[in-house]
Amino acid sequence: MTSTHLVKPAKRALFLVLLILTLPVHSAVVWAELRKASVSGLDNLEGYRKVVHDQTIITAEGRLTGDNDLAPEQFKIRAEGRLTPFTDCVRLADGYTRCTYKTHENTIDDEAKVYPFAVQLYTDTNALADERSLSLTYDNQPPKIFIDAIRQNKGDVGITVTIEDIACLAPGCEGKCAGIKAVDIDGQRVAENLTGCHASQTVFMPAAEEGVRTFIIRAIDYFNQGVTKDSAPFFVDGHEPVINEKISVLLDGQPVQFIGEDGVRSAWLNIMVKDHDLASVQADLSALNRLPEFQGSYKEKQASCARMASDRFECVWKDIYILPDKGTLSIQVNATDMVGRTSTKQVTLQLRLDTDKPVLKQWTTSGCKNDICYVSPKDNTIRADIEERGSGFTPFAFIGGEPRYRVGIGAHELSPAYGVLWADNCTGRGSSWTCLWHHVDALGPHLRTLTMTIPSLSTDDAGNTFSGNPVKRVVVDAEPPVLLTANVSSDKEGLLLEGSPLSIAAVIKDDTNIRGTAYVQSVLGIADPVSIECIPQDNMHLCSWNQLGRLLPGPIRSARITLLFHDLGGNSINKTLIVDVLAAEKEKKNYWSTAGKPTPMPKVLDRDTLFFEQRVYFTVPLAGPDNAKIIDGGITNCVDNNGFSTVRILSAADKTLTLQATVGPLAADTSLARLRATCTASLVSVINEERLTQPQEITIPLELPLVSSLGPLDDTLRQKIDDAKNWDLYGLRKIFKPLEQLYKIAEQICSGLNLFSSGALSGALGGFGLMGGGASGALLSQSAGLAAQSSGSMFNTMFKYCQYLSCDKTLFGSWYNNLIKEPEFSKQRHLGATAWPQNPKDNLFLSMATGCIPGVLYNLNKYKQLQCIYVDCLQNQVSQGVPMQYCVNQHEYLKCRFLYGQVFDLIPFAHVVKRMAIYMKTIFANPLSMVFGLGSFACEQRYAGLGSDGMMCAIARTMPQALSLVTQFQSFGQFQNDLLRQGRSQDVCAKVDME
C-alpha cells in the first residue's frame with residue numbers, strides 16, 4: 001500500500017478537526033429581512049415622481065437578529081454603481097426599523113426615464129444581509145386624447161373618447177404612467193380616478209338646439225399634467241325628415257306611361273326627402289306587384305339615397321318589377337334620420353294597366369326546404385306551378401311523338417348539353433296549371449348551386465309572357481345520408497322492458513334536411529310506419545321518436561326495428577336494429593344469497609392509522625342461479641356501523657360483489673378489535689336474458705380486524721417472515737458467519753502489513769507534521785524501513801496470502817485469468833476486455849468457481865440484505881395496509897435480478913451489452929427499459945425453468961413491460977437501490993433483528 005493511500009484518510013481527519021474548531025462560526029446564522037421598500041415623489045405615487053419641483057422619497061423597513069439599534073448607514077441605496085446611505089431612521093414598535101432617504105426639491109429638469117436601483121440592508125460588519133430591487137419613473141408626459149365617435153340619439157349626443165397616458169418617451173417607459181386622474185368634456189367632469197394607462201369612456205350629453213357645435217375634451221394625470229382637444233364640428237339635428245308628396249316611375253330614365261301585359265321590369269321609383277342627415281328611406285311597395293313572391297320582398301323595400309343639397313336627398317328604388325292588380329296605388333313611405341326620428345307619409349301612385357299575364361307561382365323538386373330545393377345528379381323531376389286565367393297552355397310541337405309545351409327552362413347550368421328544356425306535360429284546372437320536366441340531370445359536385453330560369457320565349461297560348469319569379473336556384477345533393485348512431489331506449493336505460501314507453505334516437509350526417517321513418521310493428525304492434533322531420537344542427541340531424549307506445553309483453557327475441565332516412569335530394573339510407581324485450585317479474589323472488597364471509601383487502605388494518613381516511617375493499621361471494629346476472633344494485637343502508645363511513649358496490653360479476661368502504665378518520669381506541677357493519681344491498685337481475693327481476697335485498701356483514709403496529713400477525717404472514725429470516729443459499733449460510741469473522745481479522749492484518757512495509761506511515765506522519773522535524777523524524781522513518789528489511793521473508797510470505805483477500809489471486813482461478821485476457825483486436829480498437837467480468841469477486845458463481853472467498857462472502861451478504869428488505873416489508877409495511885403480495889412481488893424480482901442476473905453475466909456477450917447500455921442511458925429518458933429488457937431475456941431464454949426459483953423469473957416476465965413493476969417497487973422506498981447501499985441495508989437487518 002502506497003503513501004498516497006494513507007495520506008487521504010489523514011487529510012480527511014485533519015479536515016474534520018478544523019471543521020469542529022470552526023463550528024461556532026458556521027453555526028452563527030444571522031436572520032435579516034427587508035419587509036418593505038418603496039419610492040415616490042411628493043405626490044406619494046408609488047414608483048413615480050415629477051421631473052421638476054419634486055423630490056425623491058425612499059423608505060425601507062427592516063431588522064437584523066441580534067442588532068436592535070440599526071443605524072441609517074446600514075440601509076443603503078445602490079444605483080449606477082454607487083452606494084448612498086439613508087438619512088433618518090426610527091425604530092418601530094414591532095422591532096423593525098424604518099429609514100428614510102429624501103433628496104432636495106429638484107428645480108432643474110432631469111431626464112425623464114426609468115431609473116432602476118436597489119435598497120440594501122447591511123450588518124454591523126458591513127456584510128450585505130438583504131436586498132430589494134425598485135425602480136423610479138420620471139413622468140413628464142400628459143395624457144393623449146383620441147375622439148373615437150360622436151353620434152346623436154334623439155335628445156342626447158354620445159361622445160366616445162380614448163385616453164392614453166405614458167410617463168416618458170425613453171426606452172423602458174412603455175406601459176408606465178402616473179395614471180389618469182380625470183376627464184372633462186365641455187368643463188363637466190365625466191370620469192375620474194381611472195385604472196391603468198388606457199381608458200375608454202362613452203358619455204351622453206343633452207343635445208342643444210339644432211346647429212353646429214364643437215366639444216372640448218380635457219384629460220389630466222395624477223401629476224396634474226393635462227391636455228385639451230377639440231372635436232370636429234358636429235351638427236345637432238332638431239327636426240324629423242320631410243317626405244315629398246310626389247313619386248315618379250321611370251324606365252331607362254323616362255317616365256312610365258303604361259303597364260303592359262308583362263308589366264314593367266327594372267323600373268325605378270324616385271322621391272325627394274328633406275333632411276340634414278338622412279339615415280334610411282323604405283316603402284311598402286307590395287301594391288306594385290300582385291305576385292306573392294314580390295309582395296313579401298317589397299313589403300319593407302329600402303331605397304338608395306343621395307344628397308342633392310345640404311338638406312335635400314333623392315331616394316331611388318331600383319329594378320322594381322311593376323305588375324299591379326289595379327291602377328291606383330297607395331304607397332307608404334318611411335324616412336328615418338341619423339338621430340332616429342322617423343316620419344311616415346302615404347303617397348298615391350296612378351298607373352295605366354293592360355291584360356293579365358301567366359304567373360309562375362313556385363318551382364319544386366323532389367325536396368325543398370325554406371325556399372331551397374335540392375336535386376340529385378340524375379333523373380330529376382322538376383315542377384312549375386303557374387297561375388293562368390286566360391288561354392292556358394297547349395302543345396306547340398311533338399318530338400318523337402311526345403308533346404312539348406311553350407313553357408321552357410333555361411337549364412344550361414344544369415348541364416352544358418342543355419339549352420331550353422320545354423315542358424313534357426302541362427295540365428290545368430281553372431286558373432291553376434302544373435308543368436313537369438322529367439329525367440333532368442344536374443351535373444356538378446356536391447352542394448353546387450345551380451340556376452334555372454323561365455326564358456322570355458315562354459308564353460301562354462295568347463302570347464302573354466310570364467310574370468312572377470322566373471329564377472330558381474337549386475342545390476345538387478350528390479352524397480347519401482350517413483348514419484352515425486341509432487339506438488332504442490325505454491325508461492330503463494339500456495333495457496327494453498315490457499310495458500315501458502319506447503323511444504328511438506338516431507344521428508344522421510347530411511347537408512340537407514332529413515326525414516325519418518320507423519317501422520316498429522314487431523315491438524309495438526303498430527302497422528303503419530311513423531315518420532318525423534329530423535332536427536338539423538349544422539350538418540348533423542337528430543331524429544327522435546319519443547314514446548311511440550308501450551312495448552308488447554315480453555319476452556320478445558331478436559325483434560327487428562327498421563329505420564329509413566331520406567334527404568331532400570332523394571338519397572336514402574336504412575338501418576335495422578335487433579332488440580330483445582324483457583318480461584317484467586311480477587313478484588319478488590330471492591335469487592341471491594351470500595355464499596361465505598366477505599373477504600377484506602387488506603386483511604387487517606393498523607389501528608394506529610385510523611386518524612386518516614382510508615379505503616378498504618371486500619369480496620362478497622354470492623350463491624345464485626347460473627342463468628341470473630346482476631345488472632344494477634346499490635347499498636341502501638348499513639346498521640350497527642362501527643367505523644365505516646361509506647360503503648358502495650364497485651362491481652358485480654361471476655357471482656361476486658366487490659364493495660368499497662371508506663374507513664376513518666376515527667379517534668384512537670386501543671380496545672377496538674375490529675370494524676364492523678351490517679349492510680343491505682339491493683340487487684336487480686336479468687334471468688335468462690328474458691326477464692327483469694324486482695329489486696332483491698340481501699344482508700352483508702362486514703368485518704375488518706385491527707392490529708397494532710407491534711401486534712400479532714396472521715399465520716401466513718408470520719410463516720413468510722420466519723422463512724425469510726432462516727434463509728440459506730446453496731447451503732452456504734452455515735459457514736457464512738465464521739468465514740465473515742475470519743475474513744475481517746485477516747483483512748486487518750493485511751492492512752497493517754501493507755502500512756508498515758511500504759513506509760507509507762512515516763511519509764504520511766511527516767506530511768502532516770505529526771512526527772516533528774529534524775533528526776527525530778528522520779530516525780523514526782529510518783527505523784521503520786529497517787524493520788521492514790529485517791522481516792522481508794516473513795512479509796513476502798504473508799503478502800502472498802493477502803492477495804487472496806482482494807481476489808488478485810484465487811485458489812483455483814488461473815483458468816479464468818487466461819480467459820479474460822484482452823484480445824488483440826480489442827486493444828487496437830480501445831474497446832477493453834468486455835466479453836467477461838473482470839473481477840470474480842463481483843459474481844457469486846465466479847467467486848465459487850475460482851475460489852474467491854471474499855467474493856462469496858460479499859455476495860452472500862448482498863443476498864442476506866435482500867432477505868432483510870423482504871422481512872422489513874412483511875413485518876412493517878403489511879401492518880400499515882400495504883398488500884402482502886406487493887412485498888412478495890418485489891422480493892421475487894430482486895431474487896431474479898440477483899441470482900439469474902449474475903448467471904447471465906457469465907454469458908460472453910453479456911458485458912458487451914452492458915457496456916452498450918451505459919451509453920444508451922444518455923439516449924433513453926428511462927434507461928431502466930434496457931435493464932428490464934435484458935433481465936427478461938435472461939430469465940425467459942435461459943433460466944426460467946431452473947427449479948422452484950423459476951417463479952421469480954415468471955413474475956418479471958409477466959409484468960407488463962416490467963416498468964409498472966419498477967413503479968410499484970419504487971413506491972416502497974426504492975428497495976432495489978437500497979440493496980446497492982450496504983450501509984443502509986445493514987440498518988434494515990438491524991431493524992428486523994437479523995444477524
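So, surface first: the chain has an accessible surface of about 52,800 Å², and 52% of that belongs to carbon and sulfur atoms. Those areas come from the Shrake-Rupley method with a 1.4 Å probe, and for residues only the protein chains shown count as cover. Keep in mind that this is a predicted model, where local features need pLDDT of at least 70, side-chain atom pairs count only at pLDDT 80 or more, and totals for chains, interfaces and linings use all residues. Residues are numbered from 1 along each chain as its sequence is written, and side-chain values use heavy atoms, with hydrogens and water left out.

How much of the chain is buried? Of the 995 residues, 40% are buried; that word means under 20% relative accessible area, while exposed means over 50% and partly exposed is in between, with a 1.4 Å probe and protein chains only. As for contacts (heavy atoms within 4.5 Å), take those between residues at least 6 apart in sequence: 67% of them join residues at least 24 apart.

Now the secondary structure. The chain holds 20 helices and 59 strands. These are DSSP runs numbered from the N terminus, H or I with at least four residues for helices and E with at least two for strands.

When I say two strands pair, I mean DSSP finds at least two bridges between them. Inside this sheet, β4 (residues 75–79) runs antiparallel to β8 (residues 114–122), with four bridges joining them. Look for Phe75, whose bridge partner in β8 is Leu121.

Leu447 has a positive phi, near 70°, though it isn't a glycine. Asp186 is another such case, with a positive phi of about 55°, in the loop between β12 (180–185) and β13 (188–192).

Next stop, β47. Strand β43 (residues 514–519) pairs with β47 (residues 556–567) in the antiparallel sense over six bridges, with Ile514 partnered by Asp567. Nine bridges then join β47 to β48 (residues 572–581), antiparallel again; Arg560 has Ile578 as its partner. β47 and β48 make a hairpin with four residues between them, and Gly570 in the turn has a positive phi of about 90°. In the loop between β46 (540–545) and β47 is Pro555, joined to Gly554 by a cis peptide bond with omega about 0°. A cis bond also joins Met601 and Pro602, with omega about 5°.

Back to the surface for a moment. Val482, Leu484 and Met540 form a nonpolar patch with about 220 Å² of accessible area together. Patches are made of residues with over 30% relative accessible area and no salt bridge, like charges being joined within 9 Å and nonpolar side chains (Val, Leu, Ile, Met, Phe, Trp, Tyr) within 5 Å. Val482 has 40% relative accessibility, so it counts as partly exposed.

Last, charges. There are 27 salt bridges, meaning a side-chain nitrogen of Lys or Arg within 4 Å of a carboxyl oxygen of Asp or Glu. Which residue does Arg35 pair with? That's Asp94, with the closest N and O atoms 2.7 Å apart. This pair links distant parts of the chain, 59 residues apart: Arg35 is in β1 (residues 32–40), Asp94 in the loop between β6 (88–91) and β7 (97–102). Arg189 and Asp184 make another one, at 2.5 Å between the closest N and O atoms. Asp184 counts as buried because its relative accessibility is 16%. And salt bridges that share partners tie Arg35, Glu61, Asp94 and Arg98 into one network.
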